Amino acid sequence: MHKILKLSNVKFRTDLRNVPYLCQPQLRTISRTPKKYAEDGNKDANVLRKRLKETADTVIIGGGCVGVSLAYHLAKAGQKDVVLLEKTELTAGSTWHAAGLTTYYHPGINLKKVHYDSIKLYEKLEAETGQAVGFHQPGSIRIASSPVRVDEIKYQMTRTHWHPTPQYLIGPEKIQELFPLLNMDKVLAGLYTTGDGHIDPYSLTMALAAGARMYGAQIYNPAPVTGLTPLENGKWDVKTPHGIIRANRIVNASGFGKELFESDLDRIMEHVEMAMEMVPVLKNADIINIVSGPITYTPDLSPMVGPHQGARNYWTAIGFGYGVIHAGGIGKFLSDWIVAGEPPYDLIECDPNRYGKWSTVSYLCDKARESYGFNNVVGYPKEERFAGRPTKRVSGAYDLLKDQASMGFHAGWEQPHYFYKPGDQKGYHPNFRRTNWFGPVGRECKLVMEKVGLIDLSPFGKFIVKGKDSLKLLDHLFANTMPKVGMTNISHMLTPRGRVYAEVTITQLSPGEFLLLTGSGSELHDLRWIEQKAADGGYDVDISNITDSVGVIGVAGPCARKVLQKLTNEDMSDAGFKFLHCKSMQLAGITLRAIRISYTGELGWELYIDMQNMASVYKAIMDAGKEEGIDNFGTYAMNSLRLEKGFRGWGAEMNCDTNPFEAGLDYFIKLNKSADFIGKQALQNIKAQGLQRKLAYLTVDTDDIDPEGNETIWHNGKVVGNTTSGCYSYTAQQSLAFGYLPIALANVGQKVEVELLNRKYPAMVVQEPLVLTEPTRTRLQKKTKSRV
């Protein structure tokens, strides 16, 4: 199962052993013939009662509610060549013992859409298929029994009002009216969602299966998958005891079978007693039976949904701790993606490629236990979880910085959020308002604006693309023109509908050799897209991922040039090293690449160094900058600095839900370039039709709280938009945010309100940026001098 494939002249590794461990139980299950079928394959219980198809467009592995939902949605969308293989019987996995809860509520953003689509499907499924599903919608109340829980409710409502689901903050009297059996001694408030309910998981799955068959899908069971063989043309041979199916794509929707664990009431008795205290009538109830069944958990509780990097046409729909409420929406999401060739909306929080080789068995176990416990703890902004950390994915500067900083976790990496000084309150102290990070972050912003700071940027995703067709491929993938040798630019990969799939910094290192940089959370997400398009188009290129082997140091601030000049003979002046230029150079006796660019908007360079040399270079720069007052800064300060300069961020201001024109990225989109880049025709249509909404730059009058993104924007008592990111600008001493508004409300001077913790704060659309970037300030100064 481990070999190098050359697919249409594209070289990349297809190795199912390197798929993150979260997929491994499923892959091991389907990589050999189960003993049961090897020994008694001729028994009636194991006989397939219809002939197995020899070919299929899509083969779905696993007959739980998720897999069957995908079969239903694909077939209903007109994809007639759909096959589902279940090793025993439908619902045999965690579906059969699921509680069947169906809630609109979700603390995330786009997973709310999945919940919404599921419930809307379940409301009409019985009428469509003729199969009863046992769906009831009495509504739900989430109880707050402490002030911090009340804040959590308000925090979540702020992020829900711009979605279609109605939610209400209700007091104790209303709660008791709705649920008189509740002990009201500790109840302060509740989050009331009217459409929540519960459904019978078995009946739901059977109804989806009936719908799938009705629209033409084929469901086979018992039909265990005993092996998967990738072919050079991108297809797969799917092996079963009944024969082989050749598939254009496979979707792994498998789980752990019908097995149960030994019942252990003592293990959960603490929680049972708490439930009895809240609902006293339970004390008089008899426990009829105890079901202790396995469910699948990912480290962050979100499932793994979508195509997998490194294995062409291999998709996953696994890791569902809440499969029943996700099934309908995820089936629709994946079906739409498969049919249209791009996701219907952004769901990167469920991307299977967010985990890599760093996600080991021990990491998985530690995080799954921690995340299960986090079901019942407060969900704060800027949340950090510490189990399983650090992984082996640490930068060359980690040992230098780990005791000085509050570390954040980004795609397996430890990266400083902010740094401590004597007198600071150390440690992680989450809050819904400003907490112990606020002062240190302001200090670091001042450092970068007035002196010089160092930041570890090693988590950036880093790829090298080279070969005969490298320029041709990148010109097709990106909407900007490609930089000349020794130069850098910012470019965007778009979907066929013209949505922003990725933002990438591109440098042409030598003729036909390009360095691509993307955000840490987008590493394999972007690499998969590049590899897929290269293979589909038959481009002769070589694509390599150098993320782990190359460290990155950012040096920023007005004294950055002076400090670096002490360590190199390279001319670091404006004339000698221009903005958006790249050079290979010696710094402190070590060869590295330097790019003059800065995400802070201040004078700066990013240094790309072999990871083993990173600590030496970091210490050398710190030593050289003592006279200039050099110090460390972290990602919180970088975020504040980039926002006050008006820099957009992928995953916030732009993603697969937005087009580049409404995001204000016109400068980077070259519709007149000769290459027919992906999304070009769609953008031409969007431009001709005009925009319906636009990204606006807002100042917000707050007190001890700042916007962060995904808050609701109001105007005249109505919801009109949402923020995408926000922070406090220490330079301007003003809270600010980006947000999407209707065109009519996006003009400078327009007054709106931004909701924070259930309170509406005055906000106004202002001209961006709040603080000019260093290159802009320098140009204005030169103009002023020339006039004088």
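Predicted model: local features only at pLDDT ≥ 70, side-chain atom pairs only at ≥ 80, totals over all residues.
Trainee: Quick one to start: what does Arg434 count as, going by its relative accessibility?
Mentor: Arg434 counts as partly exposed, at 25% relative accessibility. The cut-offs are under 20% relative accessible area for buried and over 50% for exposed, with partly exposed in between (1.4 Å probe, protein chains only).

Trainee: Got it. Back to Arg434, then: which residue forms a salt bridge with Arg434?
Mentor: That's Asp706, and the closest N and O atoms of the pair are 2.8 Å apart. A salt bridge here is a side-chain nitrogen of Lys or Arg within 4 Å of a carboxyl oxygen of Asp or Glu.

Trainee: Is Asp706 buried or exposed?
Mentor: Asp706 is buried, with a relative accessible area of 12%.

Trainee: How many salt bridges does the rule give?
Mentor: The count comes to 47. One of them joins Glu450 to Lys446, with the closest N and O atoms 2.9 Å apart. Both residues lie in helix H12, four residues apart, or about one turn of the helix. Glu450 counts as partly exposed, at 44% relative accessibility.

Trainee: What about Arg759: which residue does it form a salt bridge with?
Mentor: Arg759 forms a salt bridge with Asp703, and the closest N and O atoms are 2.9 Å apart. This pair also links distant parts of the chain: Arg759 is in strand S34 (residues 759–765) and Asp703 in the loop between S29 and S30, 56 residues apart. Arg759 is partly exposed at 46%, and Asp703 is partly exposed at 34%. Elsewhere, salt bridges that share partners join Arg561, Asp574, Arg596 and Glu774 into one network.

Trainee: Changing topic: where is Ser302 found?
Mentor: In the loop between helix H8 (265–278) and strand S14 (304–307). Ser302 counts as buried, at 12% relative accessibility.

Trainee: And what is Ser302 in contact with?
Mentor: Leaving aside neighbours within four places in sequence, its contacts (heavy atoms within 4.5 Å) are Leu111, Gly319, Glu349, Cys350 and Arg354.

Trainee: Now the backbone. Which residue is joined to Pro222 by a cis peptide bond?
Mentor: Asn221, with omega about 0 degrees. Pro222 is in the loop between strand S10 (218–220) and strand S11 (227–230). A cis peptide bond also joins Arg389 and Pro390, where omega is about -5 degrees. You'll find Pro390 in the loop between helix H10 (361–373) and helix H11 (398–401).

Trainee: One more for my torsion check: what is phi of Ala588?
Mentor: Near 55 degrees, a positive value in a residue other than glycine. Ala588 is in the loop between strand S25 (582–587) and strand S26 (590–595), and is partly exposed at 36%. Leu757 is in the loop between strand S33 (751–756) and S34, and is buried, with a relative accessible area of 10%.

Terms used:
Residues numbered from 1 in each chain as written. Heavy atoms only, no water. Helix = DSSP H or I, 4+ residues; strand = E, 2+ residues; numbered from the N terminus.
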